[in-house]
Amino acid sequence: MMPISPWFYTNLPEYQKNWLWRGDDMWHNRWQQVLEIQPTFVEIVTWNDYGESHYIGPIKDQGVPPGAHKYVDNMPHDHWRDLLPYYTAAYKNGQTPTITEDKSHIWFRLTPAAAGNNGGTAGNAPYQPYVDPNVVVQDKVFFTALLRDSADVFVYIGDSSADTFHQDGAGVIHGSVPFNGRTGKVRLDVLRNGESVLSVVSEVEIAASPANGLTNYNAWVGGSG
């Protein structure tokens with residue numbers, strides 16, 4: 001059985017848990033590995049483990065453990081499910097299905113990692129060598145787009161100019177855009193032959209620093225549906 005997890009961050013000292021591992025590109029990369037390896041079984045980790053930040057299901061308040069609300073509330077991960085029909089069909093059938101609809105999702109943390117107090121969070125678990133958590137994570141916006149034909153992808157942070165990407169033919173395009181001091185809402189546009197075919201605008205903004213002084217290492221996830 002091969003596990004797939006999009007993220008890992010926990011800050012629950014009352015359970016002796018306060019560490020992170022790099023998520024970043026992992027949701028995309030793991031699915032590429034699944035399609036290459038073709039394991040007998042695949043397990044998505046997890047549907048609703050809010051305390052460890054790798055939930056892909058909707059946030060249910062009664063399921064969030066005490067102490068985790070500070071990094072789970074208003075940090076939805078639902079759109080990590082958007083491309084699952086494509087990935088699971090490719091895995092089960094041993095070949096990529098025909099793409100009939102353009103889709104995309106984006107994810108990012110809300111501030112640069114080093115802009116706030118790390119809350120005692122360690123990079124790696126206690127039984128592994130300690131790493132500064134701000135070295136483990138990358139200050140970037142990540143995206144994956146499922147495109148039914150050639151297109152250009154434009155990613156904006158705030159009012160800055162776009163970082164651009166190009167996909168030849170139908171397929172999956174994945175990329176990332178560094179914060180580089182930019183703040184504001186994130187927007188992803190897909191243009192085909194100069195016409196907009198898809199747009200994703202975040203409901204939250206990247207800020208220069210956390211309002212409460214504490215870095216939230218969880219991800220906010222949005223998408224086109």
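## About the model

This is a predicted model, in which local features need pLDDT of at least 70, side-chain atom pairs count only at pLDDT 80 or more, and totals for chains, interfaces and linings use all residues. Residues are numbered from 1 along each chain as its sequence is written, and side-chain values use heavy atoms, with hydrogens and water left out.

In the order 9-8-11-12, 4 strands build an open sheet with antiparallel pairing. Strand 9 (163-167) and strand 12 (195-206) each have a single partner strand, so one side of each is left without a neighbour in the sheet. On average, and with direction ignored, neighbouring strands here are turned by 15° against each other; the axes are lines fitted to C-alpha atoms, and angles run from 0 to 180 degrees between N-to-C directions.

Strand 11 (residues 184-192) pairs with strand 12 over 8 bridges, in the antiparallel sense. Two strands count as paired if DSSP finds at least two bridges between them, and strands are DSSP runs (E, at least two residues), while helices are H or I runs of at least four, numbered from the N terminus.

Over in strand 9 you will find Q167. Q167 is buried, with a relative accessible area of 12% (buried means under 20%, exposed over 50%, partly exposed in between, with a 1.4 Å probe and protein chains only). The side chain of Q167 reaches the backbone oxygen of G169 at 3.3 Å.

Another open sheet has 3 strands in the order 2-3-6, with mixed pairing. Its edge strands, strand 2 (9-12) and strand 6 (122-123), pair on one side only. Strand 3 (residues 17-20) and strand 6 run parallel and are joined by 2 bridges; L20 stands opposite G123 in strand 6.

The largest pocket has a volume of about 260 Å³. Of its 13 lining residues, L110, P210, N212, L214 and N216 are the closest to the centre. A pocket is an open set of points on a 1 Å grid where a 1.4 Å probe fits, with protein on both sides within 12 Å along at least five of seven lines; lining residues have an atom within 4 Å of a point. The volume is the space filled by probe spheres set on the points.

The second largest pocket has a volume of about 160 Å³. Its lining includes D82, Y86, E101 and L146, and helix 3 (residues 84-93) gives the most to this lining, with 3 residues.

Terms used:
Polar contact = N/O pair within 3.5 Å; in protein donor to acceptor, adjacent residues only side chain to side chain.
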